[in-house]
Structure formats: structure tokens, C-alpha cells
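This report describes selected helices and residues of one protein model. The sequence and structure are shown first.

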Amino acid sequence: FEEDDLVLLLKGDVVIDGDLNDQWIDDCLKGLTWTGRLFGVLIDGNLTVRGDIVDDPAVNVYVLKDLSCDFIFSKNGGITVKGDARAKYGVYGEYNDGLLIVFGKLFTPYIIDQDHCMPQEAACNHIYFIAQDRAETEGVFIDCGDSSEDAREETHLLLDPLVWNEDAEFSIDQFVKLVKSG
């Protein structure tokens, strides 16, 4: 960030009916007079998102208490939660400039990581795997506790065939759609 970058401070608990994304932030800024570049959003309370958190393009979000949402897609932004984080359907971190830091406990069924700074464990039953959107089968590795090369090569077979696109590549959109549909 630069010296004159700004942070949008939202005092108290925040509830968003829909996704927290670039459009939501633009809507918050409408009517405000300010100059400079927005670096991020600081929420001085709990954050409840009745939808997904999508930081593409990059969004930096800092929550001083707890976070609750459907799904977190983190790319190049930073998402920091001082309390607990609950992502109902999972979290996905893509690319090495972004991060997801939870100082409390993370509750989520799926953690999908692609060269991203993010937790590899949750405080509940979960599956952690390495995958990138549009990765071929050899680029998908589910952590099953067996790090042998043979086990690693076959873990993609544990995924439902519906998570692969027409080019036999992993699709994060299809994965999330499948998980959300039950």
C-alpha cells in the first residue's frame, strides 16, 4: 500500500445480503467524497455475509470480531479475521499474493489451496486439498495423510466427476456449485 491509501472503516456489526465483492465496496463508496486509492475495509465488529466473499479483483478485509459467510474466494487480497471464521461451503485461495488469516478458529468443510497463504486445518471435520482452477488431474492433490507418490497421483479420483470441466480440468465454479447443491 501507499502512504496516502485509504481504509473504509465500518463501525459495529455488518450484515450483507449478498456477496462481499468489488461491486459491494463500490456501492459503499457512492456519495462519499475522498481522494486516493482504497486499500481495504476494516470492520469494527462481526461480519455476516449472506453470500460469498470474493476478492477478485483484490480486496483487503480486516474483521475485528467473527466472520460468517457461504464461501470465501481469496485471490490477491488479504482477509484477516481476529475472531472465528465460519465459511459454510468452503474456502479457496488462489495465487501467492493473497492470504487468509484467522486468529480464532476456522470452521469449514473444504479448504482448497493453490500457492496461497491460508490455513491448512479447520476446527471441524474438513478436507484439505491443493488445486487450482483449470488444473489438470495431476495438479490436484487431496491430503489423505499418505504422502507417497502413488497415493498423491490417485487422490483426484476421490472427487466427483462433476468438478471437472469439458477439458478435464478442475473447475472451482463447478466444485462450489456442487457443494452448494448438497
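## Thr80 and its surroundings

Apart from neighbours within four places in sequence, Thr80 is in contact with Val61, Tyr62, Val63, Leu99, Ile101 and Phe103. The model is a predicted one. Thr80 belongs to strand S8, which covers residues 78–81. The relative accessible area of Thr80 is 11%; because buried means under 20%, Thr80 counts as buried.

## Helix H1

Helix H1 covers residues 22–29. Just after H1 comes Gly31, with a positive phi of about 85°.

Trp24, Ile25 and Leu29 are the buried residues of H1. Viewed down the helix axis, the buried residues of H1 fall within an arc of 140°, so they line one face of the helix. These buried residues pack against three strands: S1 (6–11), S2 (14–16) and S3 (38–44).

## Leu29 in H1

Leu29 is one of the buried residues of H1, and its relative accessibility is 13%. Since the limit for buried is under 20%, this value places Leu29 among the buried residues.

With neighbours within four places in sequence left aside, the residues in contact with Leu29 are Leu8, Trp34 and Leu38. Leu8 and Leu29 are 21 residues apart in sequence, and their C-alpha atoms are 8.5 Å apart in space.

## Helix H3

Helix H3 covers residues 172–180, and Ile172, Phe175, Val176 and Val179 are buried in it. Seen down the axis of H3, these buried residues fall within an arc of 95°, so they line one face of the helix. Asp173 and Lys177, on the other side of H3, are exposed.

What do the buried residues of H3 pack against? Their partners are strand S7 (67–74), strand S9 (85–94), strand S12 (110–114) and strand S13 (127–130). After H3 comes Gly182, which has a positive phi near 95°.

In H1, the buried residues line one face, within an arc of 140°, and pack against strands S1, S2 and S3. In H3, the buried residues also line one face, within an arc of 95°, and pack against strands S7, S9, S12 and S13. A glycine with positive phi follows H1, namely Gly31, and another follows H3, namely Gly182.

Technical notes:
Residues are numbered from 1 along each chain as its sequence is written. This is a predicted model: local features need pLDDT of at least 70, side-chain atom pairs count only at pLDDT 80 or more; totals for chains, interfaces and linings use all residues. Side-chain values use heavy atoms; hydrogens and water are left out. Helices (H or I, at least four residues) and strands (E, at least two) are DSSP runs, numbered from the N terminus. Buried means under 20% relative accessible area, exposed over 50%, partly exposed in between (1.4 Å probe, protein chains only). Contact means heavy atoms within 4.5 Å. The arc is that of the directions from the helix axis to the C-beta atoms.
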